[in-house]
Amino acid sequence: MPITLERAIGREKLIIETGKLAGQAHGSVTVRYGDSIVLVTAVMSENPRSAEMDFLPLTVDFEERLYSAGKIPGSFFRREGRPGQEGILTSRLIDRSIRPLFPKGLYNDIQITVTVLSADPEHPQDILAMVGASAALSMSKIPFAGPVGSSRVAFKDGEYIVNPTYQESKDSQLSLILSSTPDAIMMIESGSDEVSEETILECIRRANDVNQETIGMINELVSRAGNTKVEAKVDTDDAQQLETRIQSIVDGRLASLLEGNPDKIAMEEAENRIEGEVLEQLGEDFTSQKIKEGFKAVLKYEVRRRILEQGIRPDGRTTAEIRPISCEVGLLPRTHGTGLFTRGITQVLSIVTLGSLSMKQVLDTVGPDDKKRFMHHYNFPSFSTGEARRVSSPGRREIGHGALAERAVLPVLPSEEDFPYTIRVVSEVLSSNGSTSMASVCGTILALMDAGVPIKKSVAGIAMGLVVGENGQQAILSDIQGVEDFLGDMDFKVAGSADGVNALQMDVKIKGLTVDMLGQALEQARVGRLHILDKMNEVMTESRDDVSEFAPKMVRLKIPVDKIGALIGPGGRIIRGISEETGTSIDVQDDGSVTIGGSDSAMLQQARAKVDSLTRELQIGDIFTGKIVRLTSFGVFVELLPGRDGLVRSGDLGDIENEAEVGQEITVMIQEIDSQGRINLSRRALFGDDGSPITPAPRQPVQSGGFDRGPRRPGGFGGGGGPQDRNRRPGGPGGPGGSGRGPRPGGSPAR
């Protein structure tokens with residue numbers, strides 16, 4: 001019998017149902033909010049994977065089915081392929097929320113599968129997937145110390161919104177996802193626009209309150225349909241005996257090794273030598289994997305003891321001390337912008353590439369967004385940790401770190417209207433000892449300023465750690481390095497400007513944190529972030545005045561909406577022809593915005609002139625040079641614009657009246673446009689009675705049916721380039737921001 005529970009959460013009902021679909025899974029639920037529905041299943045293998053395992057083999061798959069949004073996949077095969085970025089990020093949210101709640105020593109394969117069955121354009125599916133994973137695990141036989149509740153809370157104009165829509169999240173100053181148990185906070189992910197730490201903490205409190213309602217629903221579901229849990233078999237006696245023997249072998253040498261050694265490589269080499277001695281002496285009694293686990297436990301105990309009792313970290317720093325920082329820009333001559341950020345031995349090189357708006361990333365997802373203008377890609381090669389492994393496509397960690405830095409930088413980027421470029425940043429991790437994602441934030445900001453992207457202000461990132469003792473002692477660590485991340489209890493990344501926080505990401509390895517502990521970590525992170533910003537400002541405080549000479553230059557103009565078709569032409573023939581002839585890219589928006597990009601300024605202006613001539617309103621007095629396309633007994637027809645001909649009557653042809661032929665180019669003036677839009681032209685009007693050219697009166701402003709572009713910015717995009725004191729580069733021969741075409745024949749001004 002299906003069991004259905006529902007409760008009002010936010011402005012919609014959250015509905016959880018079990019017993020209807022996927023009956024052979026160990027746990028199966030559907031979760032609905034609005035018209036968005038996900039199916040979540042949980043399955044565990046009967047036996048552990050291997051005696052040599054040292055981690056929980058948990059897999060989370062978020063399967064976006066485009067039928068859920070009424071779409072057919074855009075791929076060649078017309079079926080879904082590998083998960084997109086949003087699917088991968090949702091899988092990470094689920095994994096990070098539930099992983100700490102499985103018992104230590106559980107090595108059975110566990111698979112969580114989320115299938116999006118219905119996706120409405122207002123309600124995201126990620127929170128439903130997180131709630132469903134917790135519910136499916138809680139009611140299954142799988143050992144799990146849940147349930148855990150999850151929710152999103154947005155802060156917009158002083159109002160906190162529970163489970164906001166896509167648009168509300170996009171328009172808000174803060175959008176935060178939080179997972180928590182009845183007692184503590186497990187995971188945080190947020191994006192914001194320079195909000196205060198106090199606002200973040202209040203958002204955390206409200207999300208935690210909402211989660212308790214969801215937890216109550218899951219507990220009721222378990223009481224009505226839950227299964228008996230399988231007992232996880234963990235031999236703690238053997239583990240304790242092994243650790244005691246290891247302690248006797250190392251005999252205080254780990255304490256000496258950790259006496260404030262800032263050299264990561266030397267410390268790792270010494271650590272490996274001691275571990276090798278332990279393996280040699282205990283190899284006959286225990287497996288190598290068990291010995292390594294025991295050695296890790298002994299090392300972890302010693303590192304944590306020194307931090308809690310003495311306030312000394314493995315590299316000798318105090319708990320709030322930041323590693324030495326150095327910054328450089330402009331390293332690579334042919335790229336559009338570069339920034340090198342080094343903190344300790346963590347080193348990230350970020351490279352900016354600017355492109356036309358036609359280079360936006362096309363998204364094939366169930367969500368409402370279909371294009372993306374700013375992309376940050378994070379690469380973590382094996383040499384960055386001194387290892388040798390196969391090069392593969394970016395994994396979930398790389399996707400997650402790249403998205404976090406992207407979220408941190410996005411609020412300070414200029415708008416598309418002010419800077420009509422697609423922006424891609426690639427952050428290459430060259431050396432890693434913790435906090436590489438936050439180093440990529442710093443490197444990206446330096447690279448953007450070096451590229452001449454007029455960012456609003458600098459942003460920096462810092463990773464915070466935590467060590468909690470058995471007796472309640474705790475130490476919050478600023479700028480954690482690799483060993484502190486590996487052996488600590490928390491990884492809390494905070495990125496923002498001097499005025500507020502832009503992005504958060506928190507993971508824990510213990511059963512959660514309190515709001516007070518998070519408040520302390522946020523304040524310590526704020527102090528550290530300001531220190532890092534000061535170091536970055538020593539190298540560069542604002543963007544360069546101009547984009548790189550190797551970056552494409554952009555012209556942006558507005559055309560009447562009813563002229564878009566004339567510019568594009570049948571099947572895109574006209575706009576494609578202009579692009580091919582001039583070597584430029586032309587992007588046209590539905591509102592009539594046209595962006596032309598190219599590396600050659602002369603070709604850029606030629607393309608602009610062609611677009612301008614195709615889309616301008618014809619007026620009496622305009623002068624054109626066009627080709628004769630048809631001869632008649634009463635005159636000739638001249639093509640002024642593609643699809644627009646005008647008639648020159650025989651008496652107005654002047655001295656070529658008897659010599660006109662098809663294909664001949666002649667210069668004419670518009671003398672009349674009748675009520676039906678027919679155009680009468682004259683060649684004679686351009687010459688006096690003696691045959692000498694005359695200067696017609698200047699073209700009059702548009703009175704009706706035209707399009708007023710409004711005043712140009714000083715040195716507008718027509719001049720071809722990037723920011724210069726937040727204005728634009730002076731224009732070419734046509735004047736500031738002009739087209740460079742110069743005056744028309746007879747003195748008619750350039751548009």
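Select Arg630 and Phe637. The charged end of Arg630 sits over the ring of Phe637, 4.1 Å from the ring's centre. Bear in mind that this is a predicted model.

Now pick Arg397 and Phe380. Here Arg397 lies over the face of Phe380, and the distance to the ring centre is 4.3 Å. How far apart are the ring centres of Tyr378 and Phe380? They are 6.4 Å apart, and the ring planes meet at 10°, so this pair is stacked. The cut-off for stacked is under 30 degrees. Tyr378 is buried, with a relative accessible area of 2%. Phe380 is buried too, at 15%.

Next, select Phe419 and Tyr421. Their ring centres are 4.5 Å apart, but the planes are at 35°, so this pair counts as tilted. Both Phe419 and Tyr421 are buried. In total, the structure holds 4 aromatic pairs.

In soluble globular proteins, nonpolar side chains tend to be buried together. To look at this here, select Phe102, Ile110, Ile112, Ile204, Ile423, Phe492 and Met536. These residues have the most contacts inside the largest nonpolar core, which has 151 residues. Then colour helix α2, residues 126–139. Helix α2 gives the most to this core, with 10 residues.

Zoom in on Phe492. Which residues does Phe492 touch, leaving out those up to four places away in sequence? The list is Ile462, Ala463, Met464, Leu504, Gln505, Met506, Leu518, Ala521 and Leu522.

A second, separate core has 16 residues. To find this second core, select Phe624, Val636, Leu640 and Ile656, which are among its members.

Select residues 436–450, which form helix α10. Is α10 enclosed by the rest of the structure or open to the outside? Of its 15 residues, 15 are buried, so α10 is largely enclosed by the rest of the structure. Try the distance tool on its end C-alpha atoms. They are 20 Å apart. At 1.5 Å a residue, the 15 residues of α10 should span 21 Å, which agrees. Step on to Gly452, which follows α10 and has a positive phi, near 80°.

Move to helix α15, residues 601–615. The buried residues of α15 include Leu604, Ala607, Arg608, Val611 and Asp612. What do the buried residues of α15 pack against? Select β22 (553–558), α13 (564–568), α14 (573–582), β23 (585–588), β24 (593–598) and β26 (635–641), and you have the packing partners.

**A glycine in a helix**

Select Gly216. Its place is in helix α4, residues 197–225. Gly216 is partly exposed, with a relative accessible area of 26%. Gly216 and Gly149 are 67 residues apart in sequence, yet their C-alpha atoms are 9.0 Å apart in space.

**Zoom out**

Show the whole chain. The chain has 15 helices and 31 strands. Along its principal axes, the C-alpha trace spans about 115 × 65 × 50 Å. Buried residues make up 52% of the 751 residues.

Methods: Residues are numbered from 1 along each chain as its sequence is written. This is a predicted model: local features need pLDDT of at least 70, side-chain atom pairs count only at pLDDT 80 or more; totals for chains, interfaces and linings use all residues. Side-chain values use heavy atoms; hydrogens and water are left out. Rings of Phe, Tyr and Trp (its six-membered ring) pair if their centres lie within 6.5 Å; planes under 30 degrees apart count as stacked, over 60 as edge-to-face and the rest as tilted. Buried means under 20% relative accessible area, exposed over 50%, partly exposed in between (1.4 Å probe, protein chains only). A charge sits over a ring if NZ of Lys or CZ of Arg is within 6 Å of the ring centre and within 35 degrees of the ring normal. A nonpolar core is a set of buried Ala, Val, Leu, Ile, Met, Phe, Trp, Tyr and Cys residues joined through side-chain atoms within 4.5 Å. Helices (H or I, at least four residues) and strands (E, at least two) are DSSP runs, numbered from the N terminus. Contact means heavy atoms within 4.5 Å. The expected span of a helix is 1.5 Å times one less than its number of residues.
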